[in-house]
Amino acid sequence: MNDYEKLAELLFPQITKTTEYYEELYPKRNLPEGARVSRFAPSPTGYLHFGGLYAATAAKLNCTATNGIFFLRIEDTDKKREIEDGVSAIVDGLEAFGITPDEGVMGFENEVGEYGPYTQSKRAEIYQTFAKSLVKQGLAYPCFCSAEELDEIRAKQEKEDIKGYYGEYAKCRNLSYDEIKANIENGMTWTLRLKSPGDVTKKITFEDMIKGKIEMPENVIDVVLLKTDGIPTYHFAHAVDDHLMRTTHVIRGDEWIASVPLHIQLFKVLGFKPVKYAHIAPIMKEDECGKRKLSKRKDPEAAVSYYVEQGFPKESVSEYILTILNSNFEDWRRANKDADLSTFPFNLKKMSVSGALFDMVKLTDVSKNVISTMKAEKVFELSYEWAKSYNKQLASLYEKDTAYATAILNIDRENKKPRKDLAKWSDILDYISYMYDETFVPCYELCGNATKELAVDVIEKYIDVVNLNDDKDQWFTRMKDICEPVGCTPNVKEFKKNPDDFRGHVGDVSTIVRVALTGRTNTPDLYTITSLLGEEKVKERLEKALKYYKEEA
């Protein structure tokens with residue numbers, strides 16, 4: 001047994017398995033040619049960021065498009081920063097917007113798949129097995145430097161181009177087996193460092209699947225692989241995990257580009273085939289100061305929970321994300337109006353190199369389009385589920401009469417040109433408030449040619465002829481029949497031609513009735529609103545409006 005092997009046993013006496021054991025335990029996946037395996041691997045240290053949902057969507061589509069596997073791994077090695085329910089926030093946030101992993105972490109203490117555990121804190125023995133192997137090969141060593149000694153090294157390197165634990169600054173790199181053994185027997189704590197084979201004069205080149213060819217200096221730093229508690233750093237853990245989980249593509253934020261030389265080096269010293277990297281530029285937002293990153297601190301919309309609370313349907317958010325993920329998505333959507341998003345031919349190479357621009361106005365427009373195509377039953381079902389958690393008043397209105405609520409939501413829906421009033425479920429209560437006495441707030445402000453004096457004449461005539469047994473044509477005929485007796489014309493073109501000859505036109509007459517019944521000048525189909533309100537309520541509201549206009553006229 002040479003010194004490296006003796007050192008490995010000294011450092012890891014508890015590790016009895018070999019790397020070959022894990023290679024057999026996690027064999028190459030049996031997938032079709034060209035199938036990609038990717039993951040979303042967040043830390044449970046805070047809420048799920050919109051940028052995280054964006055990256056997860058890219059990773060999921062990257063796999064779906066090739067009949068591959070998308071999995072969720074939780075990187076929880078930094079226990080100090082972990083928050084309570086952090087895992088649930090991630091899983092629930094993804095699930096809320098249709099990102100369901102094929103395998104991995106599915107909830108607290110719930111994992112699915114043959115390549116787990118998918119939670120890094122449960123994989124300590126695996127990491128230590130590969131760490132022991134590196135020590136045996138002379139590719140890793142224990143470092144006993146204290147925090148004060150490391151601070152001294154950093155102070156000495158202030159004016160140097162390369163900063164870190166390497167070369168002459170790597171004080172523990174060449175300790176003998178006996179020196180290491182003595183230190184351990186004296187109770188000194190240690191971290192395990194990579195013995196980097198990097199050369200300061202050499203560079204590496206890699207092909208980023210979004211940004212193209214990138215050239216960078218080789219890594220020469222002897223980075224920490226295992227901390228003093230035996231838990232790995234992100235760098236080491238991700239290399240071991242991505243290899244054993246047979247990841248082919250890693251899609252992540254471009255802040256990790258600086259680490260690529262180290263990561264590729266780790267894959268190579270471990271004897272692994274490097275993954276392919278695709279680095280995503282951060283989501284940007286434009287404000288009065290110009291473009292900036294979407295900020296957790298400044299922007300409520302940075303949190304995925306914001307979209308849940310506001311009631312944006314998952315279909316809307318998914319559709320919007322695709323508009324900023326791939327430049328050709330909107331053309332594809334126009335040509336494939338009813339196609340499922342999973343059939344979109346997503347391409348990493350069509351992602352923005354500089355950073356997608358978040359636009360709430362665009363999201364709102366996309367969501368209005370998406371909701372306008374939904375059937376009333378679906379709008380009711382989804383908005384009711386949302387309301388039970390976020391708007392008790394709306395939920396209680398729905399529960400009074402679900403058929404009535406669904407009928408309201410069906411006004412001007414399911415036709416060739418459906419209205420696009422709703423962008424999110426939180427819009428609904430105000431949108432339908434005039435259909436319920438509990439939420440109806442009368443407002444008698446008129447517009448166009450409608451005056452209070454004309455309103456008195458119109459309502460007096462209409463209240464005598466209103467008939468809820470009319471079909472739509474009969475209803476509109478009654479509206480037109482009122483026109484001449486009150487000095488209006490049933491013909492809008494005639495009014496435009498000779499405006500001085502009339503008090504208004506049929507549009508003004510219907511506006512007066514609309515305002516009396518709903519308190520608004522713009523609503524969906526007035527005939528259907530009238531039918532749903534019922535004769536008693538219609539006449540009651542007309543009487544109140546008439547009283548108001550008489551007093552004001």
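Which backbone oxygen does the side chain of Lys60 reach at 2.8 Å? The side chain of Lys60 reaches that of Thr100, a polar contact (a pair of N or O atoms within 3.5 Å; within protein, one must be able to donate a hydrogen and the other to accept it, and residues adjacent in sequence count only if both atoms are side-chain atoms). The model is predicted, with local features requiring pLDDT of at least 70 and side-chain atom pairs counting only at pLDDT 80 or more, while totals for chains, interfaces and linings use all residues. Residues are numbered from 1 along each chain as its sequence is written, and side-chain values use heavy atoms, with hydrogens and water left out.

**Lys60 and helix H3**

- Lys60 lies in helix H3; helices (H or I, at least four residues) and strands (E, at least two) are DSSP runs, numbered from the N terminus.
- With a relative accessibility of 17%, Lys60 counts as buried (buried means under 20% relative accessible area, exposed over 50%, partly exposed in between, with a 1.4 Å probe and protein chains only).
- Lys60 is in contact with Phe70, Thr100 and Asp102, leaving aside neighbours within four places in sequence; contact means heavy atoms within 4.5 Å.

**Helix H4 and Ile90**

- Helix H4 spans residues 86–96, and its buried residues are Gly86, Val87, Ile90, Val91, Gly93 and Leu94.
- Seen down the axis of H4, these buried residues fall within an arc of 165°, so they line one face of the helix; the arc is that of the directions from the helix axis to the C-beta atoms.
- An α-helix has 3.6 residues a turn, so residues three or four places apart point the same way.
- The packing partners of the buried H4 residues are strands E1 (37–40), E2 (69–72) and E3 (103–107), together with helices H3 (50–64) and H10 (304–310).
- Ile90, in helix H4, is buried at a relative accessible area of 2%.
- Not counting residues up to four places away in sequence, Ile90 touches Phe40, Pro42, Ser43, Pro44, Leu48, Leu72 and Ile74.
- Ile90 and Gly46 are separated by 44 residues in sequence and by 8.8 Å in space, C-alpha to C-alpha.
- After H4 comes Gly98, which has a positive phi near 75°.

- Phe236 touches Tyr127, Phe130, Ala131, Leu134, Leu225, Leu226, Leu266 and Leu270, residues up to four places away in sequence not being counted.
- Helix H9 (residues 260–269) has nine of its 10 residues buried, so it is largely enclosed by the rest of the structure.
- Among the buried residues of H9 are His263, Gln265, Leu266 and Phe267.
- Gly271 follows H9 and has a positive phi, near 80°.

**The loop between E4 and H5**

- Gln120 is found in the loop between strand E4 (110–112) and helix H5 (124–136), and at 2% relative accessibility it counts as buried.
- The side chains of Gln120 and Glu75 are joined by a polar contact of 3.4 Å.
- Leaving aside neighbours within four places in sequence, the residues in contact with Gln120 include Arg73, Asp76, Tyr127, His238 and Asp241.
- Pro117 is found in the loop between E4 and H5, and a cis peptide bond with omega of about 5° joins Gly116 and Pro117.

**Positive phi outside glycine**

- Asn67, in the loop between H3 and E2, has a positive phi of about 60° although it is not a glycine; at 58% relative accessibility, Asn67 counts as exposed.
- Glu414 has a positive phi near 60° and is placed in the loop between helix H16 (402–409) and helix H17 (428–432); at 44% relative accessibility, Glu414 counts as partly exposed.
- Most residues other than glycine have a negative phi, and most peptide bonds are trans.
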